[in-house]
Amino acid sequence: MHAVDIRLTVEGVAAGYGARTLFSAVALELRAGEALVVSGPNGSGKSTFLRLLAGLQRPEAGQISYATGGVAYTPREAAPLIGWVAPDLMLYRDLTARENLRFFAAVRGLRRDAAAIDALLDRVGLGGRGDDRLATYSSGMVQRLRYAYALLHRPAVLLLDEPTVTLDERGAGVVESVIAAQRRAGIVVIATNDPRELRHGDLVLQLDA
Amino acid sequence: MSVRSEQPVAGPAVPALRTILVAAWAVFVKDLRTELRTRYALNAMVLFAACTAVMVSIGTTFIGLRRSEEALLIQASLLWVALLFAAITGLSRGFVHEEETRTLAALRLAAPPAAVYLGKFLLNLALLAVLGLITSVLFIILVRVQVGSPLAFLLMIAAGSLCLAAATTILAAIIARASFKSALFAVLAFPLLVPPLIIAIQGTAVSLDNAGLDPVRGALQFLVAYSVATFVTSLMLFRFVWEA
Amino acid sequence: MAERLGQIGKLLIGIWIAGIAIAMFLVIPQYEGLGNAGRIVIMHVPTAWVSVLAFAVSAVFSALYLWRGRPVYDHYALAAAESGFLFTALATVTGMIFSQVVWGIYWNWDPRQTSIFVLLLIYAALFALRSAIDQPARRRQLSAVYSLFAFVTVPFLIFVAPRIADSTLHPNCAFIQGSACDGVTLEVGKIGLLGDRKVQLLGLERQGDIITAAVKVSEPGLSSETILRPSYDLAAGDMVARPEFPGLRYQLGLEAVDLTANSALLNIEAPGTGLLENQRTLVTFLAAIIGFTALFVWLLTLRATLLDVQWALAQREGSRL
């Protein structure tokens with residue numbers, strides 16, 4: 001398996017909420033096959049940094065761009081290339097896991113048959129629970145489904161905010177393998193304070209409170 | 001753990017019209033399914049309309065209104081008052097629910113904005129179709145509204161509902177990002193709905209009379225023009241709401 | 001240099017408006033039939049014009065903001081909306097005063113009253129929306145969208161408004177010189193409308209060259225009826241008696257008579273010779289329009305600059321606006 005042609009460039013990025021500046025002048029570059037770990041105390045802006053990378057928020061200053069095939073894209077334009085897992089990623093509680101995944105496949109313009117969705121559910125360890133509504137799920141199961149949501153479109157860039165939060169040992173194992181597979185195929189960015197996860201990073205971005 | 005079989009696509013492309021329509025339909029079906037399971041919007045809307053119809057019925061049945069031009073206008077006004085306020089209780093639901101359950105981020109990352117707008121617009125149309133049908137029947141039974149030209153009446157309700165959906169769907173998206181959502185929705189929607197409501201009330205009053213389709217033709221044209229204008233503008237502006 | 005020019009401009013606008021205010025009372029002649037109340041038109045029409053202008057300016061800057069994303073455009077859009085709201089309120093109040101004095105009612109859902117009422121509601125909605133969003137960037141973006149969206153729906157009001165009521169308080173043909181009312185030609189016994197009054201030609205009487213018509217005039221809603229007797233001089237080819245409509249300062253004129261068809265042309269007329277015919281009045285009126293437009297531009301730039309400064313200060317201190 002060869003790594004895809006993808007590059008993430010962050011230049012002079014700053015973010016904050018009103019009076020409080022979280023971080024400023026963050027600059028880095030990532031290529032396919034590389035992993036970045038963002039760490040720092042609570043409230044240092046780890047989640048915000050990942051939201052900027054996902055294009056869910058705009059930076060107060062600076063530029064973020066994804067380049068593939070010699071063309072640069074803003075994070076919003078690059079949405080089909082990005083998979084995002086975070087505690088504040090919420091899926092539809094009144095739908096089943098399968099309905100959720102079918103829906104997100106359809107709005108992304110992907111063809112995913114039942115077998116593909118079953119395979120994905122198996123991969124994150126939710127095989128057999130696909131027809132239950134999310135309202136009946138535990139928080140760990142919801143976290144597993146977030147991975148299915150993020151991997152559905154086989155993204156070149158995977159953004160993981162607190163990847164193993166609420167997961168059990170087996171769930172953490174799933175995350176390990178997802179990270180390992182993604183590192184072979186593209187870019188991984190992990191926001192964490194867990195020392196076990198710090199070792200995944202080729203680069204570490206330390207944010208201070 | 002299976003190995004991934006498909007590589008990521010070369011680059012993000014502007015979604016084709018077909019892709020957008022498929023995605024819009026998916027949004028619509030998803031929302032309809034959620035709505036059928038929770039019946040949150042529909043229950044509130046229909047109950048509101050039913051309460052209004054009952055109140056109007058209790059209030060007016062005994063006065064024995066003579067069937068004059070004024071009586072028809074009064075009946076049409078009351079019908080549209082019921083429809084408008086019932087609609088305002090329910091039409092913001094599509095976006096507000098996404099905001100409240102914090103699913104907007106998941107949707108923003110996955111769906112093209114135009115598809116989200118179209119899907120929610122279709123949902124509001126469907127809700128209004130049900131609401132219009134139930135409210136009309138209630139008014140015919142309880143308020144003794146006699147429909148002289150059924151086809152004209154049906155077309156007036158449909159065209160008026162189209163205006164409501166076209167004008168309020170983008171407003172629902174706007175207020176979903178603000179505080180005091182439901183009050184704000186009415187405040188933002190009402191001034192923009194004054195023109196189509198006036199025409200819809202007058203046209204509906206005419207359709208209650210036994211005059212056929214011709215007298216309401218002008219009103220229908222106006223309502224369709226208003227719907228097209230607000231729909232196209234919404235489609236153009238929705239991107240900015242979605243990115244805000 | 002620019003500052004000096006600004007100072008001079010401000011001073012000029014002040015003198016200009018003061019001049020208009022004086023001219024309103026001293027220079028223009030009292031409008032026959034309307035009395036001193038007629039003078040308010042010098043205020044009313046320019047403020048109404050500015051409220052529409054401000055709405056358009058606000059929409060233009062909203063579009064610029066969405067296109068370019070620079071906060072300064074939003075400041076202009078907000079400043080235009082704020083001063084537009086002020087002028088809209090002024091136009092409404094002056095209009096209501098005039099309406100009460102001349103026609104005896106404050107409010108009638110006259111087409112222009114409906115339009116300005118909706119305009120007031122839109123401005124209010126815009127301010128309500130702004131106050132309900134905390135994040136500055138989001139507030140700007142969403143209010144720009146609403147402002148533009150509202151702008152698209154307003155033209156529909158212009159089509160709708162005349163259909164709301166048969167009546168209009170706003171003087172059209174009967175008031176503004178140069179645009180004449182067509183009037184109605186009625187046969188004896190027939191009914192027609194003049195403005196919001198129902199008129200019925202009861203009969204025509206001839207005495208020498210003078211034809212006198214008996215016309216039954218009904219108030220809107222048929223609350224009262226009166227018989228008026230306008231007359232026409234066949235020899236001179238001109239109207240003689242022009243009785244006033246009850247409760248109005250308008251007159252009923254008999255403009256032409258066709259004795260063979262037994263019909264007459266009736267028309268509603270303003271007393272006197274028209275407000276704007278007088279040269280001094282016309283000049284004052286135009287000066288008022290220019291003055292109020294300049295006042296609006298000055299308010300717009302002042303408020304927008306203030307918002308700019310506030311924003312810059314907030315950014316420097318890092319506090320949220």
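Mentor: Take helix H1 of chain A, residues 46-54, which is mostly covered, with eight of its nine residues buried. This is a predicted model, and what follows should be read as such. The buried residues of H1(A) begin with A:Lys46 and go on with A:Thr48, A:Phe49, A:Leu50, A:Arg51, A:Leu52, A:Leu53 and A:Ala54. After H1(A) comes A:Gly55, which has a positive phi, near 80°.

Now the chain around the helix. Chain A has six helices and nine strands in its secondary structure. Its radius of gyration is 17 Å, close to the 17 Å that the globule rule gives for 209 residues, so chain A is as compact as a globular protein of that length. The C-alpha trace of chain A spans about 45 × 35 × 30 Å along its principal axes. In chain A as a whole, 48% of the 209 residues count as buried. Of the contacts in chain A with a separation of 6 or more, 72% are between residues 24 or more positions apart.

Chain A also meets a partner: 39 of its residues are in contact with 32 residues of chain B. On the side of chain A that touches chain B, at least two residues each come from strands S5 (71-73) and S6 (82-85) and from helices H2 (97-107), H3 (114-123) and H5 (169-185). H2(A) gives the most to this side, with four residues. By type, the residues on this side of chain A are 26 nonpolar, five polar and eight charged.

Notes: Residues are numbered from 1 along each chain as its sequence is written. Chains are lettered from A and ligands numbered from 1 in the order in which they are written. This is a predicted model: local features need pLDDT of at least 70, side-chain atom pairs count only at pLDDT 80 or more; totals for chains, interfaces and linings use all residues. Two residues are in contact if their C-beta atoms, placed from the backbone, lie within 7 Å. Ala, Val, Leu, Ile, Met, Phe, Trp, Tyr, Cys and Pro count as nonpolar, Asp, Glu, Lys and Arg as charged, and the others, Gly among them, as polar. The radius of gyration is taken over C-alpha atoms; the globule rule is 2.2 Å times the number of residues to the power 0.38. A residue is buried if 20 or more other C-beta atoms lie within 10 Å of its own, exposed if 12 or fewer, and partly exposed in between; C-beta atoms are placed from the backbone.
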